[in-house]
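Thank you all for coming.

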Amino acid sequence: MTTPGRTRKDWLAIAHVALLFLPYAAVPLGASSNLPLWVLTGALLILTRHRQLRHGWLLFVLFLAPLASAFALQWATPPPLQGVVTWFLYLSGIPAAMVIARQTPLPQIRKTLQLTIGVTSAYAIVQYLLLGQGVVLRWLVQPTLQGFANIASLDDIVISVYQQRAFGWFPEPSFLAGTVILAALALFFVEAQEDVATKWTTRVIVLASVAAILAKSGTVLVGLPVLGWILLSRVKTKGGRLLGIFAVIPLVVWQVARLFEERTGSGEFSWAERAASITTLLDLQSATFGGLLFGIGRGQSTVFYEQTRVAVTAGTGTIDGVYGIFSRVVIEQGLILGWLPVIALVLVTLRSALRVTKPGLAVAAVGVWAFFSAVVLAYETTSMVWAFSGLVLGLGSLQARRPLTNGGVPGRRAEVDPRAGAAVLPDAHVVLRSRDGRRTRP
């Protein structure tokens, strides 16, 4: 049965969004990889709503690139086929989010994101508060799931006394912080498309910011200023905005400076290791003409580190893979099949974001997503890397339907009576929304 106003496909979309926040809801595949359940729900969404897909050329290039790279490298070291297959699976998060944005009522997407971000962030905050008491919450964490770090190897004393970082039900703190920040940005775009600014979204963005701060992740250095900017943009009165400027900006600057000092002054080598993991293999890749053009092969970057075929001198010297999903794509697939698809994805996502909200916020939000994907988030199962792009692409294609804009400003509707649209402009395509948020025709 379905409730009034919701179809079975709507419930499937809601389930998919909820699973995006549960990385351990997955099936092990072997070879240090797993199959998240959101891939399965995403596949069902794509199969049932494939006519709602847009940007087919971009999806074709993204899906084809690792396969073409593997074919080009047959003369050298053929990459394992499983790496190509897992790329297909994880990348499906983009078209799945695209069809959700185009077909699911926006209020349902908004409420689902509000609930999942709120619960995830609140749990991380409670977890951090209990760390001071020596209590470590590990709920929903499977320490032996392939593809994730083994949290069971760290006892409660190490986590609560030495690390003191919230990680929620994620494999590591940066995974948590990156997910809630990108999800908060996605929620902002949904409300920008709706032309609403609800109090619950403001509260959720604040919760996500606090959770990211307590994770003590470097993502805060980039993500927190943008979230603060979004909070200021939601204040409508001049007095409230002035108060927000004097309250939010100093708080953001203080938190960013405090975290930067804490991470750099405590012997933390993670950023040096991240940079070294990328630059070392980039140098190795560019050493040969074939490697420069077609990379070292999908899935081969981890193999290179496991076989100690590269020398790493930064930090602790225990790097076991490339930090950053997009950086790994560039290294493994080369200039033609790596750099170009990634750049195309970023530019097309940015163009869609500019259709939904103001240029400054659009550039900042997409910039945060691209930075996280390139140098921060190492797990390709980080669902929000794919879902954020797909959601923005879907929302942007909806915005492109509107031929009437308010002074040509992207994302702002014209003050026109829809019932008079056909009389004034016979060729105009008018999009209406019913109370449940569904798009209808007059």
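This is a predicted model: local features need pLDDT of at least 70, side-chain atom pairs count only at pLDDT 80 or more; totals for chains, interfaces and linings use all residues.

**Cavities and crossing helices**

The largest cavity in this structure holds about 100 Å³ of space. Residues are numbered from 1 along each chain as its sequence is written, and side-chain values use heavy atoms, with hydrogens and water left out.

What do I mean by a cavity? On a 1 Å grid over the protein atoms alone, a cavity is a set of points where a 1.4 Å probe fits but cannot get out, and a lining residue has an atom within 4 Å of a point. Grid points are joined across faces, edges and corners, and a volume is the space filled by probe spheres set on the points. By this rule there are four cavities of 30 Å³ or more, and I will talk about two of them.

Which residues line the largest cavity? They are H16, V17, L20, A97, I100, I109, L113, A186, M384, A387, F388 and L391. Helices are DSSP runs of H or I with at least four residues, numbered from the N terminus, and at least two lining residues come from each of α1 (8–19), α5, α6 (106–131) and α17 (383–399). Among the contributors, α17 gives the most, with four residues. As to class, the lining has eleven nonpolar residues, one polar residue and no charged ones, where Ala, Val, Leu, Ile, Met, Phe, Trp, Tyr, Cys and Pro count as nonpolar, Asp, Glu, Lys and Arg as charged, and the others, Gly among them, as polar.

The second largest cavity holds about 60 Å³ of space, and its lining consists of L62, A65, W87, L91, F326, V329, Q333, L337, P341, V342, L345 and W386. Here α3 (56–72), α4 (81–91) and α15 (325–356) each supply at least two residues, and the largest share, seven residues, comes from α15. The lining of this second largest cavity is made up of eleven nonpolar residues and one polar residue, with no charged residues.

Let me return to α5, which took part in the lining of the largest cavity. Ten of the eleven residues of this helix, which covers residues 93–103, are buried, so α5 is largely enclosed by the rest of the structure. Buried means under 20% relative accessible area, exposed means over 50%, and partly exposed is in between, with a 1.4 Å probe and protein chains only. The buried residues are G93, I94, P95, A96, A97, M98, V99, I100, A101 and R102, and of these A97 and I100 are also named in the lining of the largest cavity.

Now to the way helices pass one another. Two packed helices are described by the angle between their axes and the distance between the axes. The axes are lines fitted to C-alpha atoms, for helices over the stretch in contact, and the angles run from 0 to 180 degrees between N-to-C directions. Angles under 35 degrees count as roughly parallel, over 145 as roughly antiparallel, 65 to 115 as roughly perpendicular and the rest as oblique. A crossing is left-handed if the near helix is turned anticlockwise from the far one by less than a right angle, and right-handed if clockwise.

Take α1 and α6 to begin with: their axes come within 10 Å and cross at roughly 30°, and the two are therefore roughly parallel to each other, with a right-handed crossing. For α8 (residues 173–194) and α9 (residues 199–215), the axes come within 9 Å and cross at roughly 160°. These two helices are therefore roughly antiparallel, and their crossing is left-handed.

In the loop between α8 and α9 lies D195, a residue other than glycine whose phi is positive, near 65°, and which is partly exposed at a relative accessible area of 40%. In the loop between α9 and α10 (219–233) we find K216, again not a glycine but with a positive phi of about 55°. Is K216 buried or exposed? K216 is buried, with a relative accessible area of 11%.

Finally, V204 is found in helix α9 and is buried at 4% relative accessible area. The C-alpha atoms of V204 and S121 are separated by 8.3 Å, although the two residues are 83 residues apart along the chain.

Note on methods:
On a 1 Å grid over the protein atoms alone, a cavity is a set of points where a 1.4 Å probe fits but cannot get out, and a pocket is an open set with protein on both sides within 12 Å along at least five of seven lines; lining residues have an atom within 4 Å of a point.
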